[in-house]
Amino acid sequence: MRPWLHSFFLGSALLLAAATAQAAIEAYEFDDEATEERFQQLTEELRCPKCQNNNIADSNSPIASDLRREVYRMLNQGASDDEVVDFMVTRYGEFVLYRPRVSEMTWILWYGPFVLLGIGAVVVLLISRRRRRSDTADAKPGLDAAERERLNQLLEQDKKR
Amino acid sequence: MRRILLFVPLLIFIGLGYFLWRGLSIDPTELPSARLNQPFPQFQLASLTEPERMMTEADLKGRPALVNVWATWCPTCKEEHTFLNQLAQQGVTIYGINYKDEPLKAREWLKRYLDPYAEVVLDQEGSLGIDLGVYGAPETYVIDAQGVIRYRHVGAVDATVWKQLKQVMDQLAGGDA
């Protein structure tokens, strides 16, 4: 391939890549860095209702872009994080939260792992205790008097040889 | 006692298996509507057919009706359009929400494919869509005479879906009488 053609293709490929990379990013201007950070965090924790494995920060879908705009609008009007989250939940349901709220419905989600961990710990404890007890139980009976006598005799015989 | 403990893993397996098996037949793209049994969100938007006339949620009240969210950019909307026309001919009240669309194209479409809608709300910005929790057109809602949302369907309306919608509407009509 001729060098100029080569660089032409490379250049257009780069342009294309830049264009697609930029598709999900609108230029939002924030009054201060704290608001910008909150915007980032909120859009990363809200799930896109259409494309379910994306948050609205990453998604290119029109609905995600609308929701980003909505988050931006609310933050600029001085809404708190909770207000933004409430806004989304009343419209799209708990489903949009990547970090579900602690409620009766999500108790099993939040505390289930700890309960399982606790059960596991109890089981391990029980098993190890039982094993220790059976170990000491095995050691106790040992040899009775007659057996000890015989053992001594055998040892004595060994020494004499 | 010992014996019974041996069955615990089997029971856990059966329980887990049941839930996983049920999960196979659940469609994850079908979301429960957060707006169910709540009044239709307030809005003030122009009518598609008469742009100078403003419409509000009060215009949708009066009798049980379907509210259909549609757009010309949505292929599935075109699919269901014929069926909506049939429903309108049967006397079903259908309100349209023209969602994030170009009004010119939308009016052209209604001229070409016939207009099943009693009224069409022009939601160019998608703000009413966000208030409703719309995440993709088409969506169809059943509202009662007081404008309370009673059912939501995401996707095209066809004969099978209509059976379900009709059941809800008949119940509403029965309750009102």
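A polar contact is a pair of N or O atoms within 3.5 Å. Keep that cut-off in mind for one stop on this tour. The model on screen is predicted.

**Stop 1: B:Asp144**

Select B:Asp144. This residue sits in the loop between β6 (139-143) and β7 (149-154) of chain B. Is B:Asp144 buried or exposed? With a relative accessible area of 4%, B:Asp144 is buried.

Next, show what surrounds the aspartate. Setting aside neighbours within four places in sequence, B:Asp144 is in contact with B:Arg63, B:Pro64, B:Arg150 and B:Leu172.

**Stop 2: chain A as a whole**

Colour chain A by secondary structure. How many helices and strands are there in chain A? The count is 6 helices and 0 strands. Read from the N terminus, the elements run α-α-α-α-α-α. Chain A has 161 residues, and buried residues make up 25% of them. Consider the contacts in chain A with a separation of 6 or more: 48% of them join residues 24 or more positions apart.

**Stop 3: a link between two helices of chain A**

Select A:Asp81 and A:Arg38. They form a salt bridge, and the closest N and O atoms are 2.7 Å apart. A:Asp81 lies in helix α4 (residues 81-92) of chain A and A:Arg38 in helix α2 (residues 33-45) of chain A, so the pair ties together parts that are 43 residues apart in sequence. A:Asp81 counts as partly exposed, at 30% relative accessibility. A:Arg38 is partly exposed too, with a relative accessible area of 26%.

**Stop 4: along helix α3 of chain A**

Select A:Arg73 and A:Glu70. Here is another salt bridge, with the closest N and O atoms 2.4 Å apart. Why are these two about one helical turn apart? Because they are 3 residues apart in helix α3 of chain A. A:Arg73 counts as partly exposed at 34% relative accessibility. A:Glu70, at 11%, counts as buried.

**Stop 5: the core**

Display the largest nonpolar core, which has 69 residues. Which of its residues touch the most other members? They are A:Val71, B:Phe40, B:Leu66, B:Trp70 and B:Trp162. Helix α3 (residues 62-76) of chain A gives the most to this core, with 7 residues.

Centre the view on A:Val71. Leaving aside neighbours within four places in sequence, its contacts are A:Phe39, A:Leu42, A:Thr43, A:Leu46, A:Ile56, A:Val84 and A:Met88.

**Stop 6: where the chains meet**

Show both chains and select the residues in contact between them. Chain B brings 17 residues and chain A brings 17 residues. The size of an interface is often given as the accessible area lost when the parts come together. For chain B and chain A, the buried area is about 1,300 Å², and carbon and sulfur atoms give 50% of it. Now pick out B:Leu31, B:Ile130 and B:Tyr135. These supply 41% of the area that chain B buries against chain A, more than any other three residues.

**Stop 7: polar links across the interface**

Between chain B and chain A, 4 residue pairs are in polar contact, both residues being at pLDDT 80 or more. Helix α5 (residues 127-132) of chain B gives the most to the side of chain B that touches chain A, with 4 residues. By class, that side has 8 nonpolar, 4 polar and 5 charged residues.

How many salt bridges does the rule find across the interface of chain B and chain A? It finds 2. Select A:Asp66 and B:Lys100 to see a salt bridge between their side chains, at 2.5 Å from N to O. A:Asp66 is buried, with a relative accessible area of 2%. B:Lys100 is partly exposed, at 23%. The pair crosses between chains, from helix α3 of chain A to the loop between β4 (94-99) and α4 (103-113) of chain B.

Salt bridges that share partners join A:Asp66, A:Arg69 and B:Lys100 into one network.

Definitions and conventions: Residues numbered from 1 in each chain as written. Chains lettered and ligands numbered in written order. Predicted model: local features only at pLDDT ≥ 70, side-chain atom pairs only at ≥ 80, totals over all residues. Heavy atoms only, no water. Contact = heavy atoms within 4.5 Å. Buried area = accessible area lost by both parts, 1.4 Å probe. Salt bridge = Lys/Arg side-chain N within 4 Å of Asp/Glu carboxyl O. Polar contact = N/O pair within 3.5 Å; in protein donor to acceptor, adjacent residues only side chain to side chain. Nonpolar A, V, L, I, M, F, W, Y, C, P; charged D, E, K, R; others polar. Core = buried A, V, L, I, M, F, W, Y, C linked by side-chain atoms within 4.5 Å. Buried < 20%, exposed > 50% of the residue type's maximum accessible area, 1.4 Å probe, protein only.
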